[in-house]
Amino acid sequence: MIWSIIGTAGVSVIIAIAGSPYQGQSKQVVMGSQAAFIVLFVFTLLIFAYVLRLIKRDKQGLVKN
């Protein structure tokens, strides 16, 4: 529950910061949404790489339960 609130707040901050104040409001939202998507995509790639690393370590017997 708390993670969804933190995630929503984080994305809304990215959307608010990424838009240029010299453009219209709809353009600000579009630019901010694109920036938020990129940030979330990068986080997804990092998590995926970490999971692959854990799988590799588990196959080598290095992960302890």
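Helices here are DSSP runs of at least four residues, and strands are runs of at least two. By that count, the chain of this predicted model has 2 helices and 0 strands.

Start with the overall form. The chain has 65 residues, and a compact globule of that length would have a radius of gyration near 11 Å. This chain has 17 Å. Along the principal axes, its C-alpha atoms fill a box of roughly 55 × 25 × 10 Å. Buried residues make up 5% of the chain. The accessible surface comes to about 5700 Å². Carbon and sulfur atoms account for 71% of that surface.

Next, look at the link between the helices. Helix H1 spans 2-18 and helix H2 spans 25-59, with Ser 20 in the loop between them. Which residues does Ser 20 touch, leaving aside those up to four places away in sequence? They are Gln 28 and Met 31. Met 31 is 11 residues from Ser 20 in sequence, yet their C-alpha atoms are 8.0 Å apart in space. Ser 20 has a relative accessible area of 21%. Buried means under 20%, so Ser 20 counts as partly exposed.

Now move along helix H2. The model holds 1 aromatic pair. Phe 37 and Phe 41 form this pair, and it is stacked. Their ring centres lie 6.3 Å apart, with 15° between the planes. Both residues sit in helix H2, 4 residues apart, about one turn of the helix. Phe 41, at 45%, is partly exposed.

Conventions:
Residues numbered from 1 in each chain as written. Predicted model: local features only at pLDDT ≥ 70, side-chain atom pairs only at ≥ 80, totals over all residues. Heavy atoms only, no water. Rg over C-alpha atoms; globule rule 2.2 N^0.38 Å. Buried < 20%, exposed > 50% of the residue type's maximum accessible area, 1.4 Å probe, protein only. Areas by Shrake-Rupley, 256 points an atom, 1.4 Å probe, with all protein chains shown as cover. Contact = heavy atoms within 4.5 Å. Phe/Tyr/Trp six-rings, centres within 6.5 Å; stacked < 30°, edge-to-face > 60°.
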